[in-house]
Each structure stands twice: as C-alpha cells, then as structure tokens.
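Please open the model in your viewer and keep the selection panel at hand, as this tour moves from one selection to the next.

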Amino acid sequence: MSRSGRGRVVPYLLLLPGLLWLVLFFLAPAVQLAATSLYDPAGSLTSGYAMTWSFGNYPDAVAAYGAQLGRSFGYAGLATLLALLLGYPLAYVIALRAGRWQYLLLVCVVAPMFTSFLVRTLAWKTVLSDGGAVVGLLRDLHLLAPDGRLLATPAAVVTSLTYCYLPFMVLPLYASLQRLDPRLLEAAGDLFARPAQVFRRVTLPLSMPGVVAGTLLTFIPATGDYVNAELLGTPNEYMVGNVIDAAFLVRLDYPQGAALSVLLMVAILALVIGWLRRAGPAEAG
Amino acid sequence: MRDRPHPLSPRLPRRTLLRGVAGSAALLVTGSLLGACGTKGARQTEASCVSEDLSGTEKTLVFSNWPQYLDVAEGDESRRPTLEAFQRRSGIQVSYTEDINDNNEFFGKIRNQLAACQPIDRDIIVLSDWMAARVIDLGWVQRLDAGRLPNVGRNLLTSLRGRSYDPDNVLAIPWQSGLAGLAYNGRVTGEVRTVEELLTRPDLKGRVTALAEMRDTMGLLLAAGGHDPANFTPAQFDEALEKLRRAVESGQIRRFTGNDYAAELARGDIAACVAWSGDVIQLAAEDQRVRFVAPDSGVMLYSDNMLVPNRATHRGNAEALMDYYYEPAVAAQLAAYVNYICPVQGAQAEMEKLDPALATNPLIFPDPALLARSKVFMALDETREREYESKFQQVVGG
C-alpha cells in the first residue's frame, strides 16, 4: 500500500524541479509579456501603463513592421534550406563514410562554437569586406560588379545565418544517419535499387527525424536572430529581432515590443506544428 | 474488422469534458492575472525617494564608467594614475568598474530598481546628455551641493553651463565631451566637407554610415538644413528626416552604427561617415589620412556626465571626486590619455607642460570658432522624444 503510494508521488517529485524552473523562467515571463502587449499604448515609463486589453497593438505593430516580420521568416527559411543542403551531405559522409576520421570531423563541426557567437559574426565582416579575398575573387569572375559588395547585403546576412546555425543542423542529422542499419541499404541494393533510389526510398525516409530536428533547431533561433542583421546588414535587412530590440531599449515602446514578441512566438509555434504534422515522426501522426 | 465495437464508455467524453473545464479555468486564471497587470509610474521625487549620505563614516566610493575612459599608467594597464592620486590624497577607496557600454542597455539594467526607489549599488554613473536628461526628469538623481564643488563652479566650460536639464549645474557634471561631425578616409576618397556631400555624392554611394544615435545624426542634418538643433520645430525635424530617408532608400547610406564604424572606416570599407571626434583622433594616430570634419553648418557637442543616483550612500565622497577632476592639472592628465574634449577651463595651459602638440589640438581644446558652431541637441519631453525616436527608427529600420 505504502509502496504504491510512494510510487505515485515519485514521478511528480521528479517533475517538480523542472516544472518550477519552467513556471518561474518561462511561464511567468510569458504571461507578463502577453500582458504587456495589451497595455494602453498611450502609457509611458514615467506615467505607468494601464491594462486596457488593447488588442489593437497587434494590427498596429504588423502595419508598422510587417516587412521586418516577413523578412525574418524569409531569411530564416532560406538559411535553413541552405544549412540542410550543406549539412546533409556533410552529416552523411561523417556518419557513413568517414571511418576513423568520424570523431575528428565531428569536432571540426562543433569547434567554431568554442568561440563566442559575436566574435564569429564579426569575423564575417572581415571575410566579406570590400577589399577582401572573397569579394576580389567574385569580381574577377564577374559574378559581382566591379563596384559590387557583399557586406551590407541580404546575401551577407543569410550566409552568416547559415554558418551560425549549421552545427545545429549537422548534429541531429548525424545522429539519425549514424543509427541507420547498413543491412537495409544492402538489402535495397540486392533488390536492384539504383543508388539514387536507395537514397530516396531508404536513407532519406529513415533520416527524417534528423531532418525535422535539424530544421527546427536552425529555423527557430534564426528567425529571432538580430545580431547578424545588425552587424552585416543595413536597415533594409533588419529582421523582427532588431525591431523588438529597439522597441524595448531605444524607443521604450514596451507594448509594441511585447506585441511583436508574442506574434513571433505564435507564428513560430504555428509553423512548427504544421511542419511536425507534415514531416514529423510517424508515431505522432 | 478487427476494430473492437465502440462501447458506450463514458471515458472519452469525460476526459474531453475535464480538459475543457481545465482549459477554461486556466484561461480564466490567466485572464484575471493579466487584468491585474499594469505598471505604476516610474517617476520619483525628493520626497518619495530619500537617500542618506554615509560619507562621514564610510570612506568608499563606487564609480561606474565607460571602457577606456580613464587614464592608465604606461606599461601597466592595471594602474590608474589620477585615480590613485585621488585615493591617496582623500583617503577614499574607489571601486572603479567599466560596466557601461551603451546608454540604452544600461538604462534597461537600472530601470526597475530606480523606478522602485531601490539602490543600484553605485555612487557615480556616467551617462550621455540625453540619457542624463531622462533620468533627471524621472527624478532618479541626487542634487549635489554646489558649495562642495568649487573647482566645478570655477572651471566648467562656459558652453556647458546651464544646460536645459541642469540649469544650476548640480545634477550632471560633465566627465568628458566630444563632437559628432563627419569623418572620411583620405586613402579611398577625396575630402568630404558637408553633410550634403555625404548624403548625395555619387562616388560615396553605399560607402557611407551614419550614427544610430538620433541626436547626433539628426542634429547634424538639422544644422545642415539651416535649422538650430537646440531649438527646432516638428516640421523642421520632418524635413531633415526626409533627407535622411532619401539617402537610405537610394542606398547612399549603408547602415547605422554605434562605435563599430571605426574599424570599417580604417579599413576603407566605408569611405565617409557621421563620426565621434574621440574615435577619429585615435584612428588618425595610426593613419593620418583618416580625418575628422566639423562642417561649417554646425557640429553636435555632447557630454558624458557624472550623476549620483538615488539611494547611493556616498554623495559626499562623489562630490570630492568630481571636484578633484576639475583641477586643471588633473583634467589635463586625463585628457592627454582619453583624447576627448576637455570640459575644464585652464587645462589647456596645464597641457602645454605635458604635451604641447595636444594642447593645440582643436578636438581636445576647441578654439572659439569651433565652439561657436557646436550645438547641443534640444531637450525633449517624453512624448516628443518617443515621437522623434519612432520616426527616426522607422528610417533606420529598427
């Protein structure tokens, strides 16, 4: 009797620390944020804000900064796609073909993360600088006009976003490809599937969990990123993160900043659920 | 076929029902929580937030400043000659930290405490004019005793006296001042003399940056349009902003920056920009071809000011330190290191003894002609500030 009683309590006790953490550092701030987004927009820091359920803050924010909101999803989507195209072959080689080099290559993928995010982004400024080797080469190849540049263009922002989040794409892909049973590949070959067919019918479907995890881990942080746009872009490349940053710290328009943050969270949540429904693990469907 | 016939089990409906009840309860609770939200005003008064001064018994002082804003000994960066001399002379132990990197960020850090009249554990903080004006307006700053600041009374530059947010010079004492003007890199472009050239010259297209600091960029543009940055109308602001918008949309302006333009200007990625004099002096020390230009139409004069926040407990010690840095000999020693405009009269004569070349540098000791065309941006009330800042941010893209 006492045994089963304790058995019922233990799981809840185990849940408690994590739950407390979530309530304190996620739920409470999220509720506060949602509340702030509905404050009277006529309020101010000096006079205080009244709760007036101003749902109008949302359409107002979209009207003013819809372009940046759209751009965030565009850039993040593009960066995710690029990271997938770059990361999949890389993860494939590391997991299935690298042999004893496997761990060294994995370390190489993770190594850039040993330096700070900011330093890596600043390094791109040097790499892509107008007098740098990359721009020089592209000009010589006539891929770039003689006075063309990479810095302060969408290309620079998307490139750097791709770079920053590439490891988050590669690692889950690697994990799922590594678990792939080689006997299945052999069996496909025995059944006269051409290599392309083996990939399309066996490897790719079996690595879908990795693809889903990787795209989510890349897309979500990339959407909210503002450092890349700030340092490598111009006002024309600013993403919604830059707008939220300015709303909270520069313009002191807390309701608008909060409304944009909530919108961003809800939009990401909707996209993630949609994506999981389409491509997610079969068990969930 | 293998599906079991569905029994009329109450399980599913009950679960759905429970879920519905729990869901609406959660919604109700959240709703009432949200409804109870809202914030009180952040303004304090001398009556609502009283600070006490323990300087009589505690010989300590906590001083928060910006990085690289205080002289260090040659060959030993951990020693700070002028500050050490102050500690020896006064017996006050100063804990000096360089933890202010950005006015807005620092404001975000101290905002909740000061709004609730709680101590921020600092006796002196250093903020730029407009931010100093904001915290003074919010009533977050202690009034100083002019009688204990004789050197400040004697030596503060005339053009920095009686500023609109501190008419009696007892709230915000300038630490260093600087100019916001134009800069260009002579290695990659010819001379840039005017704001007009910066915004329209075709050979500069895409190689120009401006400061994200609204007052510096807009002040220069207002002056270039023939208006007074210290006293302008909303229509004049809109007119100047329109010029900026055209320059952004045409691709002339590449981006808006904080201090980070300096490296790009030195490399030549940007050819010309809106810049702060202190940065440019440091770049010019390495490459003479990087030049600062104070346009004839006007330059912006800004100061970073020492303030004593509410609930700081060493106001007396803070006053002693402020007054110490207004001794001309000390000010000259500091200016020789930081290379900003020295707000202390008489320091120029002392500089002759230290470094005659610096004594004649107009970006440290501006001549009367330069001072005459340097402007201080108009003090804005909260509504105006938000209006201008929002319009400016629309153009800047934030």
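Predicted model: local features only at pLDDT ≥ 70, side-chain atom pairs only at ≥ 80, totals over all residues.

Residues are numbered from 1 along each chain as its sequence is written, chains are lettered from A and ligands numbered from 1 in the order in which they are written, and side-chain values use heavy atoms, with hydrogens and water left out.

Select chains A and B together: 39 residues of chain B are in contact (heavy atoms within 4.5 Å) with 43 residues of chain A. Next, pick A:D130 and B:R254, whose side chains meet in a salt bridge at 3.3 Å, N to O, the term standing for a side-chain nitrogen of Lys or Arg within 4 Å of a carboxyl oxygen of Asp or Glu. Between chain B and chain A the count is two salt bridges.

Now move to the largest cavity, where a cavity is a set of points on a 1 Å grid over the protein atoms alone at which a 1.4 Å probe fits but cannot get out. Select B:P174, B:W175, B:Q176, B:M306, B:Y325, B:Y326, B:A331, B:L334, B:P343 and B:V344, which line this cavity, lining residues having an atom within 4 Å of a point. The space inside is about 50 Å³, a volume being the space filled by probe spheres set on the points, which are joined across faces, edges and corners. In the whole structure, the search finds three cavities of 30 Å³ or more.

Notes:
1 Å grid on protein atoms, 1.4 Å probe; cavity = no way out; pocket = protein on both sides within 12 Å on 5 of 7 lines; lining within 4 Å.
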